[in-house]
Amino acid sequence: MDLVQERHGVQVLMCDPEGAAVVTEQDALDLIGAALFDAEIVALPVSRLDDEFFSLGTRIAGEIMQKFVNYRMRLAIIGDISRHMQSSTALRALVHESNAASHIWFLPDVEALDARLKGTGAKA
C-alpha cells in the first residue's frame, strides 16, 4: 500500500514496491492524483517501472517524467538501475542531469532520498 510519510519535513508518497506498474502516462497521472494534496514528492521504487522505461527510445520515461513536471510534483525513482545505465549513454546523461536538478531524482535507496531531503528540505 502506498503511504504518505513525513521525511525531514517533507511529505513523501512512499510507493509500495509491490504496487501496480507505472507504464503509461495515465499510470503517472494516477500517482500524481494520489499525492497531489498530501505530498510534495512521489518515491517510486524501480520495481514498479517496466524495463521499457529505461529504454529512452520508447519515450515512456520522457512521457511519465513530463507529467510530474507539468503538475509540479517531484519524483524520486528509488533503486538500482546500474544494469540499465551500463548499456545506455543517453540514460546515464538523463540520470546525471536529473540528479543535478531538484524535480526528478534517480536514487539508489531510501537512505539517499533522506539525505537529499535533509539537505534540501521543502524548498527544492
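Me: Which strands does helix α2 lie across, and at about what angle does it run to β5?
Reply: Keep in mind that this is a predicted model. Helix α2, residues 60-70, lies across β3, β4 (74-78) and β5. Its direction makes about 130 degrees with β5.

Me: OK, and what's the strand order in that sheet?
Reply: The order is β1-β2-β3-β4-β5, in an open sheet of five strands with mixed pairing.

Me: Which strands stand at the edges, and why is one side of each left without a neighbour?
Reply: β1 (3-7) and β5 (104-107) are the edge strands.

Me: How many degrees are neighbouring strands turned against each other on average?
Reply: 25 degrees on average, with direction ignored.

Me: In which sense do β2 and β3 pair, parallel or antiparallel?
Reply: Parallel: β2 (residues 10-14) and β3 (residues 41-45) pair over three bridges. Within that picture, Val-12 stands opposite Ile-41 in β3.

Me: Switching topic: how many aromatic pairs does the structure hold?
Reply: One. Phe-53 and Phe-54 form that pair, and the geometry is edge-to-face. The centres are 5.0 Å apart, with 75 degrees between the planes.

Me: Why does 75 degrees get called edge-to-face?
Reply: Because planes over 60 degrees apart count as edge-to-face, and this pair has 75 degrees.

Me: And is Phe-53 buried or exposed? What about Phe-54, buried or exposed?
Reply: Phe-53 is buried, at 2% relative accessibility. Phe-54 is buried too, with a relative accessible area of 4%. The cut-off for buried is under 20%.

Definitions and conventions
Residues are numbered from 1 along each chain as its sequence is written. This is a predicted model: local features need pLDDT of at least 70, side-chain atom pairs count only at pLDDT 80 or more; totals for chains, interfaces and linings use all residues. Side-chain values use heavy atoms; hydrogens and water are left out. Two strands pair if DSSP finds at least two bridges between them. Helices (H or I, at least four residues) and strands (E, at least two) are DSSP runs, numbered from the N terminus. Axes are lines fitted to C-alpha atoms, for helices over the stretch in contact, and angles run from 0 to 180 degrees between N-to-C directions. Contact means heavy atoms within 4.5 Å. Rings of Phe, Tyr and Trp (its six-membered ring) pair if their centres lie within 6.5 Å; planes under 30 degrees apart count as stacked, over 60 as edge-to-face and the rest as tilted. Buried means under 20% relative accessible area, exposed over 50%, partly exposed in between (1.4 Å probe, protein chains only).
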